[in-house]
Amino acid sequence: MRLNKIYFWVISILLASGKLFAQAPVAGIALQNGFKQNDCSPHTIGLKSTSTGTISSYSWSISPGGTTSTLQNPVLTIVNAGDYTATLTVTNASGSSSATYNFKVYANPTAAFSAIPLSGCAPLEVDFTNSSTTGTSSTLNYHWNFGDG
């Protein structure tokens, strides 16, 4: 009977401390409110942990690029265009778990035009040459404003 009391006492202590059934956390990621998943450069993205369980540390890594954070809900700015993966690893004394979140940063279009001739008498006929680049998009929209109404 004495042995049963000792087992009961040990199990009671382990249950009270949470060590008997402690589990590793489960990682999860979502976008913070007010932020876009994909956007033009520079892209500011807010990520938040939706992880469950007891968590003692957060470790974020963005690849490519190597940006890191130990905040629970980081806000990061990515300048270079490309496809990115955010990896969150959450840890506690019982283990760790990781989750990933993909997002894109688009290259911005660049406006570039030349005109010939650059000056002359009215009415002046001018030829414009478009050297603009689309960035990541496949189309461009144009808005001309010559300042004359």
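**Exercise 1. The loop between β4 and β5**

Task: In this predicted model, determine in which loop Pro64 lies and what geometry the peptide bond from Ser63 to Pro64 has.

Solution. Step 1: Pro64 belongs to the loop between β4 and β5. Step 2: the bond that leads from Ser63 into Pro64 is cis, its omega being near 0 degrees. Step 3: the hairpin of β4 and β5 has three residues between the strands, and within this hairpin Gly65 adopts a positive phi near 120 degrees. Step 4: as background, most peptide bonds are trans, and most residues other than glycine have a negative phi. Step 5: a further cis peptide bond is found between Ser41 and Pro42, with omega about -10 degrees. Pro42 is located in the loop between β2 and β3.

**Exercise 2. The sheet that contains β4**

Task: State the strand order of the open sheet formed by five strands, and identify which strands are at its edges.

Solution. Step 1: the order is β2-β8-β7-β4-β5, and the pairing is mixed. Step 2: β2 (39-40) and β5 (67-69) are the edge strands, since each pairs on one side only. Step 3: on one flank, strand β4 (residues 57-63) pairs with β5 in the antiparallel sense over three bridges. Ile62 stands opposite Thr67 of β5. Step 4: on the other flank, β4 runs antiparallel to strand β7 (residues 82-92), and seven bridges join the two. Here Ser61 has Thr87 in β7 as its bridge partner.

**Exercise 3. The two faces of β4**

Task: Which residues of β4 make up the covered face and which the uncovered one?

Solution. Step 1: in a regular strand the side chains alternate between the two faces of the sheet. Step 2: the covered face of β4 consists of Tyr58, Trp60 and Ile62. Step 3: the uncovered face consists of Ser57, Ser59, Ser61 and Ser63.

**Exercise 4. The three-stranded sheet**

Task: For the open sheet of three strands, give the order and the sense of pairing, and explain why one side of each edge strand is left without a neighbour.

Solution. Step 1: the strands follow the order β1-β3-β6, with antiparallel pairing. Step 4: the antiparallel pairing of β1 with strand β3 (residues 43-49) extends over three bridges. Leu31 has Leu47 in β3 as its bridge partner.

**Exercise 5. Two aromatic pairs**

Task: How are the ring pairs Phe113 and Tyr142 and Phe128 and Trp144 classified?

Solution. Step 1: a pair of aromatic rings is described by the distance of the centres and the angle of the planes. Step 2: the structure holds four aromatic pairs. One of them, Phe113 with Tyr142, has 6.3 Å centre to centre and 70 degrees between the planes, and is edge-to-face. This pair links distant parts of the chain, as Phe113 is in strand β9 (residues 113-116) and Tyr142 is in the segment after β10 (127-130), 29 residues apart. Step 3: Phe113 has a relative accessible area of 38% and is partly exposed; Tyr142, with 46%, is also partly exposed. Step 4: for Phe128 and Trp144, the ring centres are 5.3 Å apart and the planes stand at 55 degrees, so this pair is tilted. Phe128 is in strand β10 and Trp144 in the segment after β10, so parts 16 residues apart in sequence are tied together.

**Exercise 6. From ring pairs to a surface patch**

Task: Which residues form the nonpolar patch on the surface, and what is their accessible area together?

Solution. Step 1: ring pairs link Phe113, Phe128, Tyr142 and Trp144 into a cluster. Step 2: patch residues need over 30% relative accessible area. Phe128 is partly exposed at 40% relative accessibility, and Trp144 is partly exposed at 45%. Step 3: Phe146, in the segment after β10, counts as exposed at 53% relative accessibility. Step 4: the patch is formed by Phe113, Phe128, Tyr142, Trp144 and Phe146, which together have about 560 Å² of accessible area.

Definitions and conventions: Residues numbered from 1 in each chain as written. Predicted model: local features only at pLDDT ≥ 70, side-chain atom pairs only at ≥ 80, totals over all residues. Heavy atoms only, no water. Phe/Tyr/Trp six-rings, centres within 6.5 Å; stacked < 30°, edge-to-face > 60°. Helix = DSSP H or I, 4+ residues; strand = E, 2+ residues; numbered from the N terminus. Buried < 20%, exposed > 50% of the residue type's maximum accessible area, 1.4 Å probe, protein only. Patch = residues over 30% accessible without salt bridge, like charges linked within 9 Å, V, L, I, M, F, W, Y side chains within 5 Å. Areas by Shrake-Rupley, 256 points an atom, 1.4 Å probe, with all protein chains shown as cover. Salt bridge = Lys/Arg side-chain N within 4 Å of Asp/Glu carboxyl O. Pairing = 2+ DSSP bridges.
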